[in-house]
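Have the structure open as you read.

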Amino acid sequence: MAGSQRVYKQRIKSTQSLKKMFRAQELIAASRIGRARDRVALASPYSRAITRAVSAVATHSDVTHPFLAQRTDTNRVALLLIASDRGMAGAYSATVLRETERQIEKLQAEGREVDLYVSGRRAVSYFSFRQRELAGQWIGQSDAPQYETALEIADTLLERFRAPADEGGVAEVHVVFTQFVNMVTQRPRVIRLLPLEVVEGVAPAGDGGPLPLYDFEPDPETVLDALLPRYFRARIFASLLQAAASELAARQRAMHTATDNAEDLIRTYTRLANQARQGEITQEISEIVSGADALASAS
Amino acid sequence: MASSLEVDLVDAVGKVWSGKARQVSAPAADGQIGILAGHTPILSVLREGELRVQTAEGEQLAWHVDGGFLSVDSDTVTVVVDALSDPTTSDH
């Protein structure tokens, strides 16, 4: 009996220290998420300005650009997956990985060869455990992406898109990431970034209104040539920032639930421990009483 | 009053400067261009060079930019840059 009491005490103790850890993780995520959301908001003027400029060029001139044209010389496509470096974020990584698998299956059903590019340690270990080859990987800053990393990722993918077919060029670039809708909802999204969809570019961006007749300096081709890589980089960076905010939100929620569960467990174990203690006392008393009874009847 | 420009200077990470200005001078593809209120809409690629803004209060701001682009549209100037060094303020 004394044994079971000790076991419960031990469990309560370990659950309490786990609870402290969950709580700390929750608070860390909560304090970082504000910053992550600010960064999403801060980066949006840039992408808005670029999107508007791209629409302006696309509507006012009939220039073509390799980034806008469908490639038919290869059936290889690149898929960039943005996941997290660490776990403890509930279903965050699992969801985005499932979405990726679905997308890979879909592309392969269309007869395409998929090259995987992965950001986030969780996703890297997922694929290396399954011995799937990765064409590129970036790890270490999934919850606070730097612009330099986005540049590196974007330039790697752009280079592959520009490369000729026999040197491993890709015809399309897709991105799977988690969109931050609000604190409770984060949605996995799959978007095709290259070739850029002109439909998207022609739609008046954001604040609307007809676009003015621009003069292009030095000419529309050069402007477009300068704009499109920046547009692509901005989209990659925006995806990374969205994913980071989603990761933190998912982590905060998961850790909050874990803390609650730990509290429930502690309560259950405390009750069991009390019961065990009470049982022990009752047994002791009945032993004493029966001992005294035996002595009394013996004399 | 159509004599002031709305200027937004942004880089990838955020908004660098925003406000009213009298004049903007930027290193466009064909050479330094000056923009005053009422300028025709223009989209231009920027070279490496110096971007100067004279604010509505008459203060001179200057940045060194590595490249980017500039759009002018009904007295709203948007300068999008890749990288820039800190503004240097000088009295006018």
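Strand S6 (residues 215-217) of chain A runs parallel to S4(B), and three bridges join the two; strands here are DSSP runs (E, at least two residues), helices are runs of H or I with at least four, and both are numbered from the N terminus. Two strands count as paired if DSSP finds at least two bridges between them. This is a predicted model, where local features need pLDDT of at least 70, side-chain atom pairs count only at pLDDT 80 or more, and totals for chains, interfaces and linings use all residues. Residues are numbered from 1 along each chain as its sequence is written, while chains are lettered from A and ligands numbered from 1 in the order in which they are written.

**Where the chains meet**
- Within that pairing, Glu217(A) has Ser44(B) as its bridge partner.
- Chain A puts 23 residues into the contact and chain B puts in 22, with contact meaning C-beta atoms, placed from the backbone, within 7 Å.
- On chain B's side, S4(B) gives the most, with four residues.

**Strand S1 of chain A**
- S1(A) (residues 76-82) is largely enclosed by the rest of the structure, because six of its seven residues are buried, that is, have 20 or more other C-beta atoms (placed from the backbone) within 10 Å of their own.
- Seven bridges tie S1(A) to the parallel strand S2(A) (residues 113-119), and Leu79(A) stands opposite Leu116(A) there.
- S1(A) also pairs in the parallel sense with S4(A) (residues 172-180) over five bridges, where Ala78(A) partners Val173(A).

Terms used: Buried ≥ 20, exposed ≤ 12 C-beta atoms within 10 Å, placed from the backbone. Contact = placed C-beta atoms within 7 Å.
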